[in-house]
Amino acid sequence: MIVDIGYISLLLAFLAAIYSAVAAWYGKSKNEERWIESARNATIATLPLLLVSSAMLIASILRNDFSVEYVWRVSSIEMPTYLKYTALWGGQAGSLLFWNLVLAVFTAVAMANKWRSQKDLIPNALIVISLTQIFFLGISAFVENPFARMEMVPANGNGLNPLLRHPGMIIHPPMLYLGYIGFIIPYTFAMAALMAGKLDDGWIKATRRWTLTAWLFLSLGLILGGRWAYDVLGWGGYWGWDPVENASLMPWLSGTAFLHSVMIQEKRQMFKWWNMVLIVITYSLVVWGTFIVRSGVISSVHSFARSAIGPLFFGFVVIMLLFSAYWITKRRDQLATGNKLNSLLSREAAFLYNNFLIITILVIVFFFTHYPMISELFIGEQGFVGPPVYEKALAPLFTLLVILMGIAPLTMWYRSSAKRLGIAMRWPALAALIITIGLFALGIRHWGALLGLWATAFAAILTLLEFWKGTRARMKKGEPVWTAFSRLMARNRRRYGGYWIHMGVLMMALGIIGIESFQQETQLRLETGERLTLGRYEMELKGMERYPGPDDLLITEATINVYENGKFVRTLLPRTELYTRTGQPMTIPSIRSTIADDFYVILVNWEPTTATAATFRVFLNPLVNWVWAGGFVFILGTLIAAWPDKKKETVASRAAQAALGAAD
Amino acid sequence: MADTTWTNDGEDILTKAKSNRLKYIVGGVLLLTAVVFLVVNAMRGSTQLYKTVNEFYAEQSRLTGRDLRIGGIVIGDSIKFTEIDAQTTRLEFDVVDDLDNPSPVLHIVAMNEPMPDLLQHEAQALIEGHANENGVFMANQGGLLLKCPTRYEELDPAGHPDGITNSTSSEQ
């Protein structure tokens, strides 16, 4: 019964999406408002329908109804209740239903909005978003049905992998979904603007917050995924350039390029065509990423169940690309603008360089990710490109991007004088050089790292100066320093939020340079009382212990004293947990974290027969905590930039309406 | 990407526009060359070939010594972890393409590599390294990748694009 209600709701949502596309199209061609209203209602109705459907799937999981194949796959009787809720996205079919639910939330919220300033876009927006919904709901209803039954009812289910029980892993997929799906809204409005031939920056302004929100969640997903890998996978790393990781990085990159280049359109009415292309690329990469992740066409360390949905995703991406290309070509005259680049030293040129660098990085990541397919096509053998190749090709581009991040805020719209720029950059460049020479004097001889550190310091000084200049200007009007600073943020959220994001990126850059260039590791068997030295740390094995944990766990734990420069600082307890019922082990590192580095210890092996000795692998990860701290600042900056600013909004929309009125 | 346009009134502007256009083309070609150089330079000698166990044995002599990425299914009984001395450990196991038809078998050796949590019977492994003269596959440091059971489901037995056919990804 529960299962039937779930499936029927899913089918109804699918039918509602079809109805919405048809009704919106009909209403548009007959110019009948009530058909469009009806289409809008049908689109919004997908949300309650999918809520019911998802609730029914969760109910089946909670009731241990193993007659449903999906429940059998991802759940088991013993599984803790909170994991039974999150099992909704624990498997292929369920995660697609969850994807549909999130899409319906975004769609319903976007369509419930009256969009007074963008009313003309609504019929087309309904058509475009319904097409996306029809595809994903169709997959859920007919190809990957989460409510499909088993032929025989098993007594118990498989249960969720212990490795996935980390909190980071429970929230990481929904974050990525929110990010992925969020980009569907700006794409929808971009297409609607194209179809309606309304090509001012109205659609950009109307969807700016959606874009930022999507970008925020995608960033969070990337950062949390990295943190999970660092905590759980036990190789002291956080990013492996795996195809599935790249699949989430690529739309993030094009989304970043889009967020920057729309500013030129808003300010100078340039790059209209390019912004359309960027949002189409981002949307396509979202669907393409889902295809890579779920089809298994590229060998990845993430294994998904293979199913028939691969070719379907491929077909859908091709159709949407053709559809988008058709409309962009059709409107190419309207997308061309009379404004041109006045100077290669202007703000708009800086955005152009930014876009060039980001898109180049994106193209390279795309090429490397697809290299197995490309090489098979051309040389008949599947090649593969590993992390060192990515790092070697991308490091110079990221360095340039960091330098540009510092310089760009100094440039002016239209043109800026080379002399003024030179004066503004002179001292920061020198200060960064002095820092770099200082690092050289301290014994750092890694040239790539020194260059990267110079660039990071240079950009950080320039960014901090931007904060200082703004604050000082307000202080001159008599405001105390803290008031001046906080008002500066509050009055220019978008700009200073952006600078906060830049600071976050620079902090992460520092951390990445640290761990990539200076990571040290060693492996050694220690007798109780023996010591191991790595960098300025020393560790002493105090003892080993094995004891039963909660549930079916058997815990093997080492007690280790850590000394920094000969002084005791902390006791670490690296351990392995064995889920005895399933035989699944889990290695849990123990870490001493400071702002300077992580001393990261993994228990490799302990034979109870040699009770006094155990083998450890130890990593020294310099500056890695700057990656996480930078991630935090980055998210904070995005929140500042995206925070609703009511007064400004109404002024902007009124101005937009006035402009529209004038244009008509 | 460059949204530069020009008007057609006046010879001067036209010539200027043409020389501007030339500048952009030259600049674009230079940038493109730089990017291609970056990519080619990074890839030179650093790409691996992806092979399944059967594919490896089909061309063993040619592939011996080459930088490879092998995909296969782990045979649980073959996993062995040995501590040779205080500084050295050896992890070894066998991989096959198909557990139901477990031949040929490739023997993998990974020195000083902790035993990955996911290394167990029926796990899908990706191993980076090279095969030596004795037909033993030596994994690179950090070159042992076990498929992350992202969705923790059983795989479809058929239609494996990697050419790997197996029945489960990682069973509890």
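This is a predicted model: local features need pLDDT of at least 70, side-chain atom pairs count only at pLDDT 80 or more; totals for chains, interfaces and linings use all residues.
Residues are numbered from 1 along each chain as its sequence is written, and chains are lettered from A and ligands numbered from 1 in the order in which they are written.

Me: How many Å does helix H12 of chain A reach from its first C-alpha to its last?
Reply: Helices (H or I, at least four residues) and strands (E, at least two) are DSSP runs, numbered from the N terminus. H12(A) covers residues 309-330, which is 22 residues. The expected span is 1.5 Å times one less than the number of residues. That gives an expected 32 Å, and the reach in the model is close to it, at 32 Å.

Me: Why do the buried residues of H12(A) line one face of the helix?
Reply: A residue is buried if 20 or more other C-beta atoms lie within 10 Å of its own, exposed if 12 or fewer, and partly exposed in between, with C-beta atoms placed from the backbone. The buried residues of H12(A) are Ile309(A), Phe313(A), Phe316(A), Val317(A), Met320(A), Ser324(A) and Trp327(A). An α-helix has 3.6 residues a turn, so residues three or four places apart point the same way. Seen down the axis, with directions taken from the axis to the C-beta atoms, the buried residues line one face because they fall within an arc of 100 degrees.

Me: Which residues are exposed on the other side of H12(A)?
Reply: The buried residues, including Phe313(A) and Trp327(A), belong to one set. On the other side of H12(A), the exposed residues are Pro311(A), Gly315(A), Val318(A), Ile319(A), Leu322(A), Ala325(A), Tyr326(A) and Thr329(A).

Me: How many of the 22 residues of H6(A) are buried?
Reply: Helix H6 of chain A covers residues 122-143, and its end C-alpha atoms are 30 Å apart, which agrees with the 32 Å it should span. H6(A) is largely enclosed by the rest of the structure, because the number of its residues that are buried is 16.

Me: Is Gln269(A), with its 15 C-beta neighbours inside 10 Å, buried, exposed or partly exposed?
Reply: Gln269(A) is found in the loop between helix H10 (243-268) and helix H11 (272-295) of chain A. Gln269(A) has a positive phi of about 60 degrees although it is not a glycine. Its 15 C-beta neighbours inside 10 Å make it count as partly exposed.

Me: Which residues does Val53(B) touch, not counting residues up to four places away in sequence?
Reply: Val53(B) sits in helix H2 (residues 53-58) of chain B and is buried, with 24 other C-beta atoms within 10 Å. Its C-alpha atom is separated by 6.4 Å from that of Gly72(B), 19 residues apart along the chain. Residues are in contact if their C-beta atoms, placed from the backbone, lie within 7 Å. Val53(B) touches Ile70(B), Gly72(B), Val95(B), Val96(B), Asp97(B), Pro104(B) and Leu106(B).

Me: Is the peptide bond from Ser103(B) to Pro104(B) cis or trans?
Reply: Pro104(B) lies in the loop between strand S3 (88-96) and strand S4 (106-111) of chain B. With omega near 0 degrees, the bond from Ser103(B) to Pro104(B) is cis.

Me: Which strands stand at the edges of the open sheet of 4 strands in chain A?
Reply: The order in this sheet is S2-S11-S10-S9, and the pairing is antiparallel. Two strands pair if DSSP finds at least two bridges between them. Each edge strand has a single partner strand, so one side of each is left without a neighbour in the sheet; the edge strands are S2 (520-527) and S9 (590-593) of chain A.

Me: Which residue in S10(A) does Arg592(A) stand opposite?
Reply: S9(A) and strand S10 (residues 597-605) of chain A pair in the antiparallel sense over 4 bridges. In S10(A), the residue opposite Arg592(A) is Phe599(A).

Technical notes: Two residues are in contact if their C-beta atoms, placed from the backbone, lie within 7 Å.
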